[in-house]
Amino acid sequence: MRFSVLASGSTGNAIYVATDRISVLIDVGITGKQAEAALREIGVDPTELSAILVTHEHVDHIKGIGVMARRYNLRIYANQKTWSELDGQIGTIREDQKQLFEVGEKKELEDLGIESFGISHDAVEPMGFCFYHNNKKLSVATDLGYVSDRIKETIRGADAYVFESNHDVELLRMSQYPWSIKRRILSDVGHLSNEAAGEAMIDVLGGRAERVYLAHLSKENNMIDLARLTVKGILEESGLKVGDDVHLRETYPDRPTKLEFL
């Protein structure tokens with residue numbers, strides 16, 4: 001299994017996951033042109049794509065879905081409640097391209113196993129995904145107001161994680177955002193802070209040199225170095241050695257991470 005975080009942050013999110021038999025995108029919250037450029041930067045021809053998996057209907061996750069689906073004849077997988085929101089936002093999609101993937105369901109797309117799980121966010125029915133191939137596991141969990149024990153149990157045991165580290169609480173509190181937006185971000189249906197990300201990872205990681213990609217960073221209320229230092233400090237206080245037991249990786253709003261193999 002190979003993957004790349006094509007874009008991550010408040011301005012748009014997309015992830016590429018592939019085996020030798022299938023290539024999928026998790027969300028396309030960037031333009032079709034940006035998605036194509038990111039794929040080509042990691043050496044992937046967009047014509048190789050087969051499907052798009054949708055976590056939820058917010059624009060930073062669906063902006064380019066319609067364009068990519070129409071251009072490359074891709075199947076789109078989303079749960080029924082999310083489809084009820086997508087239909088008015090992504091343009092005309094053929095009925096045979098519309099596929100259901102409900103919360104808690106497991107599917108096999110060619111040789112790629114996929115498991116969905118519910119998350120806490122202010123969307124109609126948001127989901128995360130775990131991917132399985134050749135005894136390797138990739139867990140993707142962003143847009144989390146909090147991390148429940150059920151989510152921890154579902155994502156645990158992965159070889160790599162794409163995990164939200166959205167904001168620094170103090171930067172958010174001092175920001176120019178209206179209080180209503182601050183309250184939403186800090187709520188149980190908002191986004192995960194750097195501190196909360198680190199604390200959740202303590203309960204998930206096994207110290208097997210897992211790779212953790214800190215994702216969905218806020219442009220206004222976070223910095224890559226701050227997210228890394230905060231999470232690193234929390235993990236090391238718990239006894240995990242960053243660089244040995246776990247590897248922290250960065251994601252970017254405007255360029256893909258290098259193609260990783262599991």
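I counted a contact wherever heavy atoms lie within 4.5 Å. The model is predicted, and I noted that local features need pLDDT of at least 70, that side-chain atom pairs count only at pLDDT 80 or more, and that totals for chains, interfaces and linings use all residues. Residues are numbered from 1 along each chain as its sequence is written, and side-chain values use heavy atoms, with hydrogens and water left out.

I looked up contact range first: of the contacts in the chain with a separation of 6 or more, 63% join residues 24 or more positions apart.

For burial (under 20% relative accessible area, with a 1.4 Å probe and protein chains only), I found that 58% of the 262 residues in the chain are buried.

I then listed secondary structure as DSSP runs, taking helices as H or I of at least four residues and strands as E of at least two, numbered from the N terminus; the chain has nine helices and 14 strands. The radius of gyration, taken over C-alpha atoms, is set against a globule rule of 2.2 Å times the number of residues to the power 0.38. It is 17 Å for the chain, close to the 18 Å that the rule gives for 262 residues, so the chain is as compact as a globular protein of that length.

Last, I traced a sheet, where strands pair if DSSP finds at least two bridges between them. Seven strands form an open, mixed sheet in the order β6-β5-β4-β3-β2-β1-β14, with β6 (98–100) and β14 (260–261) as the edge strands, each pairing on one side only. Within this sheet, β1 (residues 2–7) and β2 (residues 14–18) run antiparallel and are joined by five bridges, and Ala7 has Ala14 in β2 as its bridge partner.

Technical notes. Buried < 20%, exposed > 50% of the residue type's maximum accessible area, 1.4 Å probe, protein only.
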